[in-house]
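Work through the two exercises below with the coordinates open, and try each task before reading its solution.

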Amino acid sequence: MINLIYLTVLLPLIGFLVNGLFGRKIKNEKVIGIIGSAAVGISFLVVLGAFIQTLGLPAEERSNTVELFTWLRVGGLHIKFAYLVDQLSLTMSLIVTGVGFLIHVYSIGYMHGDKGFWRFFAYLNLFIFAMMNLVLGDNFVVLFLGWEGVGLCSYLLIGFWYDRKFENGTTSQAAKKAFVVNRIGDFGFLLGMFLIYMTFDSLNFNQVFSRAASFPVAESTFGLIALFLFIGATGKSAQIPLFVWLPDAMAGPTPVSALIHAATMVTAGVYMVSRTSILFASAPVIMTLVAVIGLLTALMAATIGLVQNDIKKVLAYSTVSQLGYMFLAAGVGAFSASIFHVMTHAFFKALLFLGAGSVIHGMHHEQNIQKYGGLKKYMPKTYMTFFIATLAITGIPGLSGFFSKDEILWSAYANGGFVFWLIGAITAMLTAFYMFRLVSLTFYGTERFDHHHVHPHESPSLMTVPLMILALLSVVGGYIGIPKVFSGEHGNLFESWLEPIYAPAQAKLATFGSHTHLEEILLMALSVAAALSAIYFALHVYTKKPAIAENVSSRFKGIYNLLLNKYFVDEIYEAGVVQPIQKGSDLFLWKIFDIKIIDGLVNGLAVLVQSGSGIIRKIQNGVTQSYALIMMAGIAVVLLWLILSL
Amino acid sequence: MTQNLFLTYLLLTPIIGSVLVLFFKKEQKQLIRWFGLAVSLVAFVLSLIIYFGFNSADPQFQFVHQVIWIKSLNVSYHVGVDGISLLLVLLTTFLTPLTLLSTWHAIEKNLKLFTFSMLFLEVGMLGVFISLDIFLFYIFWEAMLIPMYFIIGVWGGERRIYAAVKFFIFTMLGSLLMLVAIIWLAVYASNTLGYFTTNLLDLYKVGPTVPHQIQSWMFGAFFLSFAIKVPLFPLHTWLPDAHVEAPTAGSVILAGVLLKMGTYGLVRFCLPLFPQSAVQFAPAISILAVIGIIYGALVSMVQTDMKKLVAYSSVSHLGFVVLGIFAMTVESVQGAVIQMINHGLSTGALFLLVGVLYERTHRRDIAFYGGIAKLVPLYSTVLMIAMLSSIGLPGLNGFVGEFLILIGSFKSSVLNSWTFTIFAASGVIFAAVYMLWMYQRVVFGELKNPALKSELTDMNLREMIVIIPIFVFIVWIGIYPSTFLKLTEASSQAILQQVGMFR
C-alpha cells in the first residue's frame with residue numbers, strides 16, 4: 001500500500017475535477033456527495049493500509065519515499081514530485097483523510113439544498129488534495145505547493161457564500177484577509193527555503209536533515225532558517241502576530257471551519273515545525289521564541305474567548321489558543337507531544353465545530369449564544385457529543401485532551417520552567433471556563449430564543465453519526481499516548497512510534513532535567529483541580545446566577561471591552577499598516593510620483609522637443625501616420641525583395 | 001555551412017500574408033479575418049516544426065540561414081535560434097492567432113489595415129527574436145514600432161493619440177542611442193578583427209574587449225533601449241497609457257510579446273556583449289528591478305481601472321525577470337526566461353478577460369462592476385485561474401518562474417546580498433493583495449449594477465477557444481516545466497559562461 005500512496009493525492013484531485021467540471025450538470029446531491037466522500041474515504045483506506053504495512057516493518061525501515069516525476073531541475077536544484085511515507089506523514093495523513101472523510105459525510109447533510117453544493121464538494125476535495133501534498137511531500141517545495149494550495153482552498157471556502165454579509169463587511173473580505181495574512185507567512189517560508197537551499201544545497205527533507213546534523217553550520221544560520229520557517233508557521237497556524245485571519249475565517253460554512261480551520265490546515269505550521277525539528281533544535285533561541293509565542297497566543301486567545309457571543313467565534317479563539325499549546329510543546333522540544341495534541345485536537349475540535357454546525361442548523365442559522373439556551377432537550381445527540389468534546393478539551397482525566405494537554409504542560413515545566421507551566425495551567429483553566437460558559441448558554445438554562453420563529457430540532461443522522469464517531473475518538477484517542485509516569489518507559493505508544501523522527505533533534509537538545517514522578521503527578525492534579533473549579537464556577541454563573549456575569553462585566557468595563565474587541569488588534573493593523581500602505585500608494589506613489597514627477601518630466605521633455613523640432617511636431621500633427629505607413633510598406637517591400645532575391 | 005531555410009519560411013509567412021491582405025476588398029471582412037487567422041496558424045505550425053527539429057542539448061544557434069546582404073558593410077541576412085529565442089518565437093506564433101481570434105467582433109473599423117498591422121507586427125517580433133545580425137535586428141526592432149503605433153493610435157480608446165505618441169517617443173528615444181552604439185561597435189570591430197561586421201557571433205568576441213570606460217557607455221546605450229521596452233522602473237510610465245488606450249488585441253500582444261523584446265535584448269545583447277559592464281552594473285539594475293516589483297504592485301493596488309491595474313502589475317512581474325537576468329545564476333536566468341513566457345500567458349489572459357467584459361459593457365472601471373459571479377459563473381472561474389497564475393500559485397506557471405528567480409538571486413555571487421531577494425519576495429504578498437482585491441470588488445458581493453443583468457453574458461465558445469490553449473500551458477508549465485526548462489538550459493548556460501569568462 002505504501003507504493004500506492006499517490007492515490008491519496010490523486011483520488012481527491014479526480015473528485016475535484018469531476019465535481020468541479022461536471023457538478024453543475026450532475027445536480028443530484030447524492031451523486032456529488034458520494035463522489036466527494038468516496039474520494040476521501042478510499043484515500044483513508046489507502047493510508048490505513050500503508051500505516052499497517054509500515055507498522056509491520058522494523059523501526060529503521062519505516063521511512064519510505066515514493067517518487068513520481070521530476071518537477072523542477074535547474075542547475076543544482078532538483079525537485080521531484082515525491083512523497084515521503086514515514087511515521088509522521090502517516091500520522092498526519094490518517095488525521096486528514098479520516099477526519100476529512102467524516103466531515104465530507106456530515107457536509108452532505110449540512111449543505112443540503114445549497115445552490116453551490118457541487119462547488120462545495122469540489123473545493124473540499126481540492127483541499128484534501130493540497131493537504132495531502134503538504135503532509136506527504138518529501139521536500140520543501142512540494143510541501144509549499146500543498147501549503148499554498150490549502151491557503152487557496154481556505155480562501156475559496158471562507159468566501160464560499162460570496163454574496164453574503166459577514167460582520168461589518170463581506171465574506172469575500174474575510175477570505176481575502178485570510179489569504180493575504182497567510183501570504184505574509186509564506187514570504188517567511190520562502191526565505192527559509194532559499195536559505196536552506198543555500199546552506200545545504202538541497203531542498204529534499206532527508207538530505208537537508210542529514211546535512212543539518214553533520215555540516216558545520218553556524219548557529220546564527222540555523223537561527224535565521226528557523227525564524228523564517230516559524231514566520232511561515234505563524235501565518236498558517238494563526239499565532240501572534242498573524243492570528244487575525246482565523247476568527248474571520250468563520251465566515252465560511254461550518255464544516256469548513258471544522259475541517260480546515262480547526263482539524264487540519266491550521267495545524268500545518270505545527271507539522272512543519274515538527275518535520276523540520278532538527279533545524280529548530282539547532283537554534284535554541286528560536287526554540288524559546290516558538291515556546292513563548294505559543295504560550296502568549298494560547299493565553300491571549302483564551303482570554304478573548306471568555307467574552308465572545310458568537311458560537312463559532314468562541315471556538316475559533318479556542319482553536320488559536322490550542323494551536324498555541326502545540327507550539328509551546330514544540331518550542332520546549334516535545335515535538336511528539338505537539339503532534340499528539342494535533343491529533344486529539346482534530347478529534348474534539350472538529351466535533352465541537354460540527355456540533356456547533358448542528359446547533360446552527362437546528363436554530364435557523366442563529367449563531368449568537370445569548371439567543372440559545374436549554375437546547376439540551378431539543379437536540380440530545382448533538383448535546384451529548386458536544387458535551388463529550390467539551391470534557392475532552394477541558395482536560396478531564398480519561399479523555400483524549402487530558403493526555404495530550406498534560407504531556408504538554410509537563411514538558412513545559414520540565415524543559416521551560418515553572419512560569420511556562422503556570423501560564424499554561426492558567427490557560428487551561430480559562431479554557432475550562434469559556435467552554436462551560438458556551439455549553440451552559442447553549443444547552444442549559446432558560447430558552448432565550450423566539451419560540452414563534454425558531455423551532456429547534458435535531459439534525460439528520462448523516463450529521464449526527466459523524467458526531468458520534470468523533471465523540472468516540474475524543475474519548476479513546478488519548479490512550480495511545482498514556483504518560484510514562486503511568487505506563488512505564490515504553491508505555492507511551494504514540495511517542496515511541498514517532499521517536500525515530502525526532503531522534504536527531506533530541507540528540508541536539510538538552511535532555512530533560514531530573515524530575516520526580518511525584519512532581520509530575522502533583523502538577524497534573526493541580527491543573528485538573530484548576531480546570532474543575534473553573535467548570536464549577538462557569539456552570540454556577542451561567543446556569544444559575546447570570547447576574548454575576550453582568551455584574552462582573554459592568555464593573556470591569558474597560559477590560560471587558562478590551563476582550564470583546566479582541567485587544568483592538570485588527571484596528572491597530574488597519575490604522576498602522578493597511579491604511580498607510582494604501583494611502584501612500586494612492587496619494588503619493590501613483591498620483592504624485594508616477595503622474596506628476598515621471599510623466600511630468602517626460603511630457604516636459606516632449607514639449608521641449610516639440611517646440612524645437614519640426615519632425616516631432618509633425619508627429620503631433622498626425623502627419624506621421626501617413627509617413628509611418630509609407631515606411632512600413634517600404635520595409636515590407638524591402639524585406640520581401642531581400643528574401644525573394646536570396 | 002549548410003543553410004536552413006525554415007526560419008526564413010517562418011518569417012516569410014506573415015510577410016506574404018500581410019501583403020496579400022492588402023489585395024482583399026474592404027467589405028470582405030469575414031474573409032479577411034479568416035485569412036489573417038489562417039496565416040498566423042501556418043506560422044504557428046512552422047514554428048512547431050522548428051521546435052521538433054531543435055536539438056536542445058546543443059547550445060549553438062540552430063536553423064541558421066545566412067546570406068550576404070550589403071556587401072560593402074559586411075551586413076548579412078542572418079537568422080538562427082537558440083533555446084531562448086525559440087521559446088519566444090513559439091510564444092509569438094502561439095499568441096498571434098489567439099489574439100486575432102479574440103478580436104473577431106471587436107474590430108470593425110479598417111479591418112484590412114488592422115489585420116495587415118497585426119501580421120506585420122508578427123514579422124517584426126519574429127525578426128527580433130531570430131536575428132543574428134545586429135543591423136538586421138535593429139531593422140526589425142524599429143519596424144515593429146510602426147504597426148504598434150497604428151494599433152494604439154487607430155483602434156485605441158479616447159486618448160489614443162497621446163498614448164501612441166508617448167509610446168513612440170519613449171521607445172524611439174532608447175532605440176536611437178542603441179543605433180549609435182551599434183555603429184560604434186561595428187566600427188570598433190573593424191579595428192580589432194580587421195573587418196567591419198554586424199554579425200552578432202563575431203561581436204560576441206569583440207564586445208568584451210572594448211575598454212572598460214567605453215564599454216560602460218555602450219552597455220548603457222543598449223541597456224536604456226531595452227529597459228524602456230521592458231519597462232523598468234522608472235521608465236515605465238508609457239506602459240499604463242499604452243495599455244489603457246490600446247484595443248484588447250494590442251494590449252495582449254504588447255504585454256505578451258513586445259515587452260519580452262526588452263528582456264530578450266538584455267539576455268541576448270547586454271549580458272554576452274558587455275559582460276564586464278553587466279556584472280558591474282548588476283547591483284544597481286537589480287535595485288531598480290526590485291523597486292519596480294514593489295512599486296508596480298503598490299501602484300497596481302490602488303488603480304480604479306482594470307486595465308491599468310493589470311498594466312502596473314506587468315511592471316512588477318517584469319521586475320522579477322530583470323532581477324533574474326542580472327542575478328546571473330543558472331536558476332535565476334532560467335527562471336527569468338520561463339517568467340517571460342509566464343507573463344505572456346498570464347497577463348495576456350488577464351487582458352483578454354478584461355477585454356471580454358469591455359466588449360460587452362464598454363466599461364473597465366472596477367467600481368462599475370461588483371457581484372457578477374452569479375451572472376457569469378464561467379467567466380468568474382476563468383478569471384480566477386488567470387489571477388492565480390498571475391500571483392504565482394504553486395502548481396501553476398507563475399510560481400515556477402518566480403521561485404527560480406528568487407532562489408537564484410538569493411545565492412547570486414554577482415549580487416552578493418540577500419537584500420534583493422528579501423525585498424523582491426515581498427512582491428508575492430502585494431501581488432495577492434491587488435489581484436484578490438480587484439477580484440473581490442469585480443466578481444464577489446451582491447450584484448451592484450442591476451443593468452448588467454441584461455448586458456453581461458457569459459463567455460462564448462469563441463472566447464473559450466481563445467483562453468483554453470493558454471490555460472493548458474499555464475498548467476503544463478506549472479506541473480511539468482521540464483519541457484521548457486530543458487529547451488533553454490544549454491542556451492542559458494552558454495550565456496552565463498560567456499559572462500563568466502570575462503568577469
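The exercises that follow concern a predicted model, and each task is followed by a stepwise solution.

**Exercise 1.** Determine how helix H14 (residues 311-331) of chain A and helix H15 (residues 335-362) of chain A are oriented towards each other, and describe the contact between them.

*Solution.* Begin with the geometry: the two helices pack at an angle of about 175°, and their axes are 9 Å apart. Since angles over 145 degrees count as roughly antiparallel, H14(A) and H15(A) are therefore roughly antiparallel to each other. Next, list the residues that make the contact, which on H14(A) include Ile311(A), Leu315(A), Tyr325(A) and Met326(A), while H15(A) contributes, among them, Phe335(A), Val342(A), Leu352(A) and Phe353(A).

**Exercise 2.** Characterise the fold of chain B, and then its contact with chain A.

*Solution.* Start with the secondary structure, where chain B holds 21 helices and 2 strands. Then turn to the dimensions: the C-alpha trace of chain B spans about 75 × 55 × 40 Å along its principal axes. A compact globule of 503 residues would have a radius of gyration near 23 Å, and the 22 Å of chain B agrees with this. As for the interior, 63% of the 503 residues of chain B count as buried.

Key:
Residues are numbered from 1 along each chain as its sequence is written. Chains are lettered from A and ligands numbered from 1 in the order in which they are written. This is a predicted model: local features need pLDDT of at least 70, side-chain atom pairs count only at pLDDT 80 or more; totals for chains, interfaces and linings use all residues. Axes are lines fitted to C-alpha atoms, for helices over the stretch in contact, and angles run from 0 to 180 degrees between N-to-C directions. Helices (H or I, at least four residues) and strands (E, at least two) are DSSP runs, numbered from the N terminus. Angles under 35 degrees count as roughly parallel, over 145 as roughly antiparallel, 65 to 115 as roughly perpendicular and the rest as oblique. Two residues are in contact if their C-beta atoms, placed from the backbone, lie within 7 Å. The radius of gyration is taken over C-alpha atoms; the globule rule is 2.2 Å times the number of residues to the power 0.38. A residue is buried if 20 or more other C-beta atoms lie within 10 Å of its own, exposed if 12 or fewer, and partly exposed in between; C-beta atoms are placed from the backbone.
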